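Welcome, and thanks for taking a look at this one with us. Please have the sequence and the coordinates to hand as you read.

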Amino acid sequence: MSLITGLLSGAQAPPKQDATSTIQTLCLRLSSSTLLEDRRAAILGLRSFAREFQELVASEGLRGLIACLARDREDGDTVRAVLETLLMLFVPDALNLESSGDIALWLTDEFTQKQENITILLDLLEDGDFFIRLYALQLLAAISNNRPARTQECVYTAPLGVNRLVEILGDKREAIRNEAVLLIIHLSAGHTDIQKMITFSNAFDQVFAIIDTEGGMEGGIVVQDCLQLLSNLLSFNVSNQKYFRETGGIPKLAALLDLGPEDKVLPFAREQRDTNIQYALRLVRLFVVPGGLGTVQNQNALVAAGIMHLVVKAAFSPADLAVRTEALKAVADLIDGNKPLQEAFGTMVVAPPELQPPPPLPSPDGGNKNGDRAEIEPVECGVIEGLLDLALMNSSKHVFDARFAAGRSLEAYFNGNELVRRHFLAYAIELHDHGDPSANALTCLLHLDNASRGDPYRVWIASAILIHLIYDDKEAKVLATGVKEGDAEAGEEVVTAIQGISANLIMALQHQYDPRICIGYLMLLCVWLFGDSDAVDDFLSEGASVQALVGAVKENGVDLIVQGLSTLLLGILYEFSHAQSPVSRTQVHEILTQQMERDLYVNKLTKLRSHPLIRDFEVSKDEFMPGQRPRHGHGLPEVYFDPVFVEFFKDNCGQIVRAIDKDPNLETKITANGITKVSNGVNLEELESLRGQVEESQRILAAVEDEKHAIEAQHAAEMNAVHQQFQAAQDSLQKDHSSVIAGLQKQLLAAQQLSSQLQQSFQRSREALAAETRKHNEAIETQRKKFEAEKVTADERNRTIMEEMRQRNRRTVEEKETLVQSLRKQIGELQQHAKAAANEVQQVKRQQDEAGRRSQAAAEEAERKLADVQRQAEEAVARLAAEKDAQMGKLAVEKDAQLQALQRQFEETRRNAESVDEARRQAEEHSRGLQQELEQARSYTASITSEKDSELQAARAQLEERDDQLSKLQSDLEQAAKKHAEDLESQLAERDSRLSQLQSSLDRAAKEHAQDLATQHEEHTTELKKKFSIIAELEAKLASTIDAATLEKEKTAAAEAAKARDAAVKEKEALAKECDEVKAKAEEVQTELDDLFMVLGDLEEKRKADKKRLKELGQEVSEDEDEDDDDDDNDEE
């Protein structure tokens, strides 16, 4: 027994393993195991720890779990266990202190860092297993909730990621379908591209199918989710809206809004049904955002589908107030800015639930107490009347949102439609005048009764309606200003609408009514009085009103907004008052500066502008007014300002702040029609009268100016006669001069043509010579290369080299033959050019002979008058000769440079030939068979050279003849120029004599006309003194101007004569210059011929060099050719 106890006591129990080591072991087994069963067991173990030890499991096993999803995707049990574990990690446990939302964010970041992780989850959606698909959707939803933007990008970039999600909407299993709807709602929020992909994946039809399956608008939360999804897809997405409109989505939406009777809805389903209706109405409003791109088309499409009637029906149904409010907002957006829809809306008839009688009470006998009628006919009214009743007559705090929505609908009814606006205002005035008890904004403003004091927003909403009626509409403002109360014939006091509203305002300020009443009145008066001096005078007719406003501003217990608006109204009164106002502008200024002081005035306006309700005012789509939270104490919403007034205040606050610094004398008076009578102290009527007086004096001055112009015109006519005589003489001289100039121009043109032709021929010769030189150099270079190649390979293959040399020499002979043929062609072209040049010279000579005869005839008429011109011409000729010598020197330098270049080329050619000769001597032993072929080439070259020499001699003879002809032509031109100069001199002398005669006649005529003008001036002066005694000073000025005009005319006549003489002298100089230019052209032609001769000499030298090179190459040149060369050299010497 002791032995057994000893053994038991000696055995030790195994150590206990804690959760941390167990989780680490499981994670290690998950990442390292190769068997699927081991990995599945590890995953199940981690799942058991996931809820209690979220942080540890997430940090140790997340990457292994994600890897297992990709590796073991085919095993459904493993994938399901992984997804369950991951979902446990994403959901924080409220009972576990270590669990927090940071773990879910960290898990989301790990998932979204790699695109592959999201793609794995999207791939799992294709699995048909219920739990795998459900868990994958839930996991994507959890990731999207934590990092929506990153998740959207991952799903958008994944292959077919969005399409897979949309396909799940058709799953018959409701749990999966509902999770897919929620996930798509998250993914489509604010991402336009995903919205488009979802839309074009046929999502609209699937969503409407889900709504129908769930029972339409009476369905549960799933219908609300589907409507939210449609809102996400259509919100500010024009393309999706267009697709929805064109694919028949609007009739389906209309079918949803076609609600059944209210009493058939089950009580437990009523709340969800109302929520669904609100979502559907918001969906309607997404199509008709004011100012949107496709708003008008959407408005027309929605109304055509009958949605406007359904929405109006919902707005005036006995449904929940939230539904009615949303329906009224949708009505406002449907008709806003669309005139046809506004007019159609105004004709609709509704049955407001507020006007309906109570239902009949059942009787003991099973009938009803009201009779046998089972139903009571509803009480109907116009839609505008129903909106006014809801906005103005219902004072319950619970219908506050509906009242504002009704006011918004009324504003949308006449927004942008002047006819509807004025008709509405005129009808309201008519009802008020007749004392109609129905709801009327004007009556609510003028009659501040106990009901209005108990309902502050009645006055506020009425003021907002009237602001929208008169804002930026002068005619509507005039119509409202004309409203009056009281019968003067019956002894009653007549009170205008402005006076009545101001009285109610003063009463509200004095009795400290709710600030909303004062704010409503002040907003209306500020908009009404701004820019209308007549309305300001109407307000100032009650002097106590100004003092009451000042007291409200200075009193401490008044609301800050009321004080700021009162100050704004006082500034408007001062800005648009004038001296004739009931309280003059000066008095209003004294009240502002003395009783209020400038600092208080500016301080109140500045505080109002910086007030949060003004500064942060924004008009959103779902909230027409900011700050609709109830105020502590009385429970009324904190709504104080209308959007139109806020816009008006921000635009004009600066002007009203600066108004107090304006001088009271600088008044501005503007009528209700917008006509400015006084601007900054200037009376526009008096200004117009002064302008009329100025225009009358200007007309008198114009009459005097007409008299002056008549006298000047008479004098001008007389002077024109004298000018015509002078012009006739000048024209005759001009004709003579033009004929002479034309002759010289023709001669100059012929010389220019000759020069251009010679230049062209010279250029062609130069180009031919350059081509020939290049060909020679190329031939020599090819020969040199061939000889060097033969020298290198001569020792190895003698027979092969001999054969190659024969072929090369044969090709060389062929190239020589082609070269000689090209030389023949060039020589033939030179001969043709020489002949053409000779013909052109003969033509030029004939033209010069004709021009000489014509110029001789003209020279005989003017040979006495050009002695001075001849001397100038001689000087010009001498100057041109000097210039010619300088140019010839330059040309000689250039030719020398060209010769040196040719010599350098020749030296290079000679050196190349020497190298070729050396190669030939080295290969002479191997080329004996080539000697005969070379001798044949020499004989053929000699014959070609002799032919070339004969052709060159003939061309040289022709060029010498051309030189003689050009020298003769130059002498003829000089003689013709001298004769023409003499003729021009005689013509100019005659012109000078005629000009002197004309000058004397002009002087006499000018004196005679001056005397006549003096007498006429005296007569007209006496007549003007008798007729216009009032403007004697103007007549004296006119007489002085006339005297000055006559003197100026005389001076201009003398100046014109002097100008004519100067023009004649200038014409002489021009003719002399033209003669000099003709001579210069002839000299240029001569220089070009000299250049041509030099080129021919270069060709001759080139031919001699070719002969020498042939001799050096071992070819024989006949003695006759040498003698011909010697003879040519002697001839040249």
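What follows is a short tour of selected residues, ring pairs and helices. Please keep in mind that the model is predicted.

**A buried aspartate and its partners**

Let us begin with Asp-336, which sits in the loop between α20 (321-335) and α21 (339-346). Is this residue buried or exposed? Asp-336 counts as buried because its relative accessibility is 14%, and the cut-off for buried is under 20%. Leaving out residues up to four places away in sequence, Asp-336 touches Pro-290, Gln-299, Gln-342, Arg-408, Ala-412 and Asn-415.

**A serine in another loop**

Ser-317 is placed in the loop between α19 (307-315) and α20. With a relative accessible area of 15%, Ser-317 is buried.

| Residue | Relative accessibility |
|---|---|
| Asp-336 | 14% |
| Ser-317 | 15% |
| Leu-256 | 8% |
| Phe-414 | 1% |
| Phe-424 | 10% |

**Leu-256 and its neighbours**

Leu-256 belongs to helix α16 (residues 249-257), and at 8% relative accessibility it counts as buried. Setting aside neighbours within four places in sequence, Leu-256 is in contact with Phe-208, Ile-211, Met-217 and Leu-227. How far apart in space are Leu-256 and Ile-307? Their C-alpha atoms are 9.9 Å apart, while 51 residues separate the two in sequence.

**Aromatic rings**

One of those contacts of Leu-256, Phe-208, also takes part in an aromatic cluster with Phe-200, Phe-204, Tyr-243, Phe-244 and Phe-287.

Across the whole structure, a search finds 21 aromatic pairs. Among them is the tilted pair of Phe-414 and Phe-424, with 5.4 Å from centre to centre and 45° between the planes. Why does this pair tie together parts that are 10 residues apart in sequence? Phe-414 lies in the loop between α23 (400-413) and α24 (418-433), and Phe-424 lies in helix α24, so the pair links those two parts. Both partners are buried: Phe-414 has a relative accessibility of 1%, and Phe-424 has a relative accessible area of 10%.

Arginines are also found over ring faces. Arg-282 lies over the face of Tyr-279, at 5.5 Å from the ring centre. Arg-585 is placed over the face of Tyr-574, at 4.3 Å from the ring centre.

Our last stop is a helix pair. Helix α3 (residues 36-50) and helix α4 (residues 54-71) have axes that come within 11 Å and cross at roughly 145°. Is the crossing left-handed or right-handed? α3 passes α4 in a left-handed crossing. Which residues meet where the helices touch? From α3 come Arg-39, Ile-43, Leu-46, Phe-49 and Ala-50, and these meet Gln-54, Val-57, Leu-65, Cys-68 and Arg-71 in α4.

Key: Residues numbered from 1 in each chain as written. Predicted model: local features only at pLDDT ≥ 70, side-chain atom pairs only at ≥ 80, totals over all residues. Heavy atoms only, no water. Helix = DSSP H or I, 4+ residues; strand = E, 2+ residues; numbered from the N terminus. Buried < 20%, exposed > 50% of the residue type's maximum accessible area, 1.4 Å probe, protein only. Contact = heavy atoms within 4.5 Å. Phe/Tyr/Trp six-rings, centres within 6.5 Å; stacked < 30°, edge-to-face > 60°. Lys NZ or Arg CZ within 6 Å of the ring centre and 35° of its normal. Axes fitted to C-alpha atoms, helices over the stretch in contact; angles between N-to-C directions. Left-handed = near helix turned anticlockwise from the far one by under 90°.
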